[in-house]
Each structure stands twice: as C-alpha cells, then as structure tokens.
Amino acid sequence: MTNETTPEVLDVVVIGAGLSGIGAGYRLTERMPDLKYAILERRPSLGGTWDLFRYPGIRSDSDMYTLAYPFEPWQHERAIAAGGDILDYIKHTATKYGIDEHIRYEHEVVRGDWSSEDALWTLTVRTPDGEQEVRTRFVYACSGYYSYNEPYKADIPGIDDFGGTVIHPQFWPADLDVTDKRITVIGSGATAITLVPALADAGADVTMLQRTPSFVLGQPGRDPLNRLLRGRVSDERRHAILRNKNVFLQWGSYQFARRAPTITTRALRAGVRMSAGMSHMENFTAPYNPWDQRLCVVPDSDLFKVLKKDGAHVVTDTIERVEAGGIRTTSGTFIDADIIVTATGLSLEMLGGAEVFVDGDKVDLSERLAYRGCMLEGVPNVGMCVGYINASWGLRSDLSNRFIARVVEHMRTTGSDIATPTAPPGLERAPLLEMESGYLQRGAALMPRKAKTPPWTMRQDYLAEAREMKNPPVTTDMRYERSGAAGGSIPADGSKTPAMGAR
C-alpha cells in the first residue's frame, strides 16, 4: 500500500490493453504470480484495435486459431471472425485470468524517463485528472505500431470541395445510415475490401476506387476441421491442432509464393476469375509479386460475390479531382458519390507515441537495433511488441510476451535491476519490417532497425522464430547490472530490499 512517503513503484508497466497487452499480462503472471504490474490503457475500455475500429464488416484478416492466444481456445465457428467477437474474446480472457484488475483506463503514456542512478522509469501519464507520474522498473509497450489519434491523410485533390460526407474508417460515425447512399471507398487494402461487401449488404451503392490493384485471396470463413474435431477432443486440443495446422499452411504458402511468384500469381488470378468473373481479373492483379505487400484475404469470397452480382463496382484509376457531387478520375470517368470513405491507410507510431529519454538524452528509435524483435539496443528495461506482416499478429506477440517475461524473471532471480541489450560493433542495419506497404514505407524512419543474424534480426518466419524465441538464452548480447540504488534494485525473492513482486 502506498502513501505520501513511499511512492508506488511497479515492477512492470504494460502500455496498451489490446490483444498483445492482455497476453503480456498472462505471460508475466504465468511465471511470476506475485508480480506487481499495471496495464496503462489510453482509452476508456480494453480491446485496442478491436475496440477502436467500428466500421461496417470489421473482421480479422487472419484466422483466429493463430491470432488468438494459445492458452485460451477460440470457441466461435468462424475462423475469420467479426471484430465484435474478437473484442468479446479479449474481454473474456482478461476477466477469466484476472488481468482486467490490473488495467488503468484513460492513462496515456506521453513520455518515459530512465534514470540509471535510480534504475527506474518515470512515466508521464495523461489522465482525466491531469498529468501523473508512474514509476516502474520495466516498461513493455504493447501499443502496436499505428497512431490511434491521427490516421494517414492522403493528399486527395479537391477533397475539401466535396458536398457530401467524408469519413475515415478509423472514426466511423455510429449513427450513419448508408441505405440507398452512393459511397465511394478510396483504397485497395484490407479495410477497403472489408467495407465494400458490408456496405453493399447494408443497401448502399458502392464503388471501390483504387489507384493500384492488390492481390486478394478468397478462403472459407469456417474451418471444416474445426467441425470435425468439435466434441471429439478437448477445446484445448482442438485449438492446438487447428493452430498448428494453420501455422504450417501459412508458412508453406508464403514460402511457395516467394519462390514461385509467377505460379502463385496465376493461381490468385484463377481464383478471381472463378469467384468474381473474368472482367475483374485485372482489378485484382497487383503490379508486384505476391507478398511484396500483405496479401488480403476475403472470407467466403464475399467481395468477389458482391462484385459478380453487380452489387458493387471497382474502378482502377487515379483521382484528378474531387468535385461537389463526386470524384473525377484521370481518365475522365465521373463517380457520383454522397459519401467518400478514405480507406487510404494508417500513420505509423511506435511506443504509443511516447517520447523516450535515457538519462536526459532523447532516444531516436531509428538509430537503434531491435533485440530479438522486442527490445531496443542500448535502452535499459524496455520491451516492445511488434507483429508479423506475413502471418498472424498473435503468433509473434506471444513469442515476444514469453521472452519479455523470461527477461524479467531472470532479473528477479539474479538480483539485477538493469537489463540492456548491447549490440556488437559492425552489424549491418536494415529496416525492421521489409515490405512495400505504403504505411511501412512512410513510417520507416520512425522504426528501429534489424541486422541479418540473431539475436538482432526479426524474421518473417514463425517456425524459425519459434525455435529461436521460446527458450533462447536471455543473456546473449544482454548486459545485466545491479545498480545499488536504494529501494530500486530487483533482487531475488527473500531479499531485504524491495524486490520485483514484493508487496
């Protein structure tokens, strides 16, 4: 219990109560049940992405057996799940394991200051009651890598002259009635291909206007193996079988696509031809190889089906100018519109947008290497969770969560209070996430780098990383120290000084 003379010092602060943050809470307490930790969530509710985005049709873009936690079986029939079901699953997990009791809502971390003398982080936190300071020995950012407050605003000529409604999917109006409205969705990524069939089903006349086609893959929304296994094996066993099966399928299809892009392109085009018709093949043939950008998935081919029955339209063109009644394209086509949806992407942001200082010096993330993809070169006692771009976010986040828990446990058992990844000299540096997606290219300067070899790389290969990350040495290229700061150390249990997990 804290008082005026004994300020609260937490063992770990997790930033973000989304999918990754709740998973982090589980993995930390799995190893250290008496750990003193808090999850700071900027919004008034948990769920992260799945609570923020409310646009029609929002769903996962990967199967739930790999996106969900390995310790909590996914119970719904649909493998490609609706956003509301995913949010309910995260809430259920947080409540079941008591993780929700550690969440502090409307707590936005805006700055972190590390003191080597005290071996502590002091976090400046914005709350409804004004700014507060939270002191902690370790910080783990599970806030993703896009801005919740500022989506990417594409330069669309004349958009201010439009006489109708302009919406970004990140801020979808709850009371918007789209019945009989002419809606143009600008974009070709996962958000756009989700919105188009959902809006068409709601009674809108929808046009997807894309500058560049993307590859799109139709696949079943339900897994037949799930039906076969349900009731025959335990939920835990069923979930594990489906998870492992999908991991191998994802890995195999990705490896094949990268090695045989021509054959993969033909197969994707054939899928479009069968599901949407010959006239749409060029609209879904990208001018790059499969997986140069993330491959979009449509469950039960819903996008293709609505296009085939002329319930929606696709225009591949560039915008000359937005006018009062719609959009004029470069080729001279005029698209009438009552509503324009700018599904043009996200703005990249690391560590929840917080500024980070080490002993008074500001940390430039782009100058740091990522250690095992989840810590930062030369920055003590900080973890970060970054997911895959070619597979489910949940696969990588759980690897990171497990590793961070092992680092904290090692500090606790060895009496260390400082853990700093320390890179050997001469490592060649490359972008952490190497993909041609627009938001990654725009935000590359904000992200840490990687090298070519472990532990300073981050592979887009779950099977390889699962071997490297589940039980790797936590001492390789890591410097552990005991500062001797009064009350600031993290000795093993039983010490007379305040230890990580002490009450």
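User: Where is Pro 455 found?

Analyst: In this predicted model, Pro 455 belongs to the loop that runs between strand 24 (449-450) and helix 12 (462-469).

User: Which residue does a cis peptide bond join to Pro 455?

Analyst: The partner is Pro 454, and omega of this cis bond is about 0 degrees.

User: Let us turn to phi. Which value does Asp 310 have, and is Asp 310 buried or exposed?

Analyst: Phi of Asp 310 is near 60 degrees, a positive value in a residue that is not glycine. Asp 310 sits in the loop between helix 9 (302-308) and strand 12 (312-316). Because its relative accessibility is 60%, and exposed means over 50%, Asp 310 counts as exposed.

User: What is the phi of Asn 381, and is Asn 381 buried or exposed?

Analyst: Asn 381 is not a glycine either, and its phi is positive at about 55 degrees. The loop that holds Asn 381 lies between strand 20 (375-376) and strand 21 (382-384). Asn 381 has a relative accessible area of 0%, so it is buried.

User: Why does Arg 43 count as buried?

Analyst: The cut-off decides the matter: buried means under 20% relative accessible area. Arg 43 has 19% relative accessibility and therefore counts as buried. Its place is the loop between strand 2 (37-41) and helix 2 (49-52). Leaving aside residues up to four places away in sequence, Arg 43 touches Asp 51, Leu 52, Tyr 105, Glu 106 and Tyr 148.

User: Next, helix packing. How do helix 1 and helix 10 cross?

Analyst: The axes of helix 1 (residues 19-31) and helix 10 (residues 393-414) come within 9 Å and cross at roughly 35 degrees. The crossing of helix 1 with helix 10 is right-handed. Helix 1 contributes Leu 19, Ser 20, Gly 23, Ala 24, Arg 27, Leu 28 and Arg 31 to the contact, and residues from helix 10 include Trp 393, Asp 398, Arg 402, Arg 406 and Glu 409. By class, the residues of this contact comprise six nonpolar, four polar and six charged.

User: How is empty space found?

Analyst: A probe the size of a water molecule is rolled over the atoms, and this shows where empty space is left.

User: How many cavities of 30 Å³ or more are counted, and what lines the largest cavity?

Analyst: The count is five cavities of 30 Å³ or more. The largest cavity holds about 110 Å³ of space. It is lined by 16 residues, and the closest to its centre are Ile 15, Val 139, Leu 351, Val 356 and Val 382. Strand 4 gives the most to this lining, with three residues. The lining of the largest cavity consists of 12 nonpolar, two polar and two charged residues.

User: Which residues line the second largest cavity?

Analyst: Among them are Val 247, Gln 250, Trp 251, Tyr 254, Asn 390, Leu 395 and Tyr 462. The second largest cavity has about 80 Å³ of space. Helix 7 gives the most to its lining, with four residues, and helix 12 supplies at least two. Seven residues of this lining are nonpolar, three polar and one charged.

User: What is the volume of the second largest pocket, and which residues are the closest to its centre?

Analyst: The volume of the second largest pocket is about 680 Å³. Of its 30 lining residues, Leu 217, Gln 219, Gln 250, Ser 253 and Val 297 are the closest to its centre. Helix 7 (235-259) provides the largest share of the lining, eight residues. Strand 10 (216-219) and helix 8 (261-275) each supply at least two residues of the lining. The lining of the second largest pocket divides into 16 nonpolar, eight polar and six charged residues.

Technical notes: Residues are numbered from 1 along each chain as its sequence is written. This is a predicted model: local features need pLDDT of at least 70, side-chain atom pairs count only at pLDDT 80 or more; totals for chains, interfaces and linings use all residues. Side-chain values use heavy atoms; hydrogens and water are left out. Axes are lines fitted to C-alpha atoms, for helices over the stretch in contact, and angles run from 0 to 180 degrees between N-to-C directions. A crossing is left-handed if the near helix is turned anticlockwise from the far one by less than a right angle, and right-handed if clockwise. Contact means heavy atoms within 4.5 Å. Ala, Val, Leu, Ile, Met, Phe, Trp, Tyr, Cys and Pro count as nonpolar, Asp, Glu, Lys and Arg as charged, and the others, Gly among them, as polar. On a 1 Å grid over the protein atoms alone, a cavity is a set of points where a 1.4 Å probe fits but cannot get out, and a pocket is an open set with protein on both sides within 12 Å along at least five of seven lines; lining residues have an atom within 4 Å of a point. Grid points are joined across faces, edges and corners, and a volume is the space filled by probe spheres set on the points. Buried means under 20% relative accessible area, exposed over 50%, partly exposed in between (1.4 Å probe, protein chains only).
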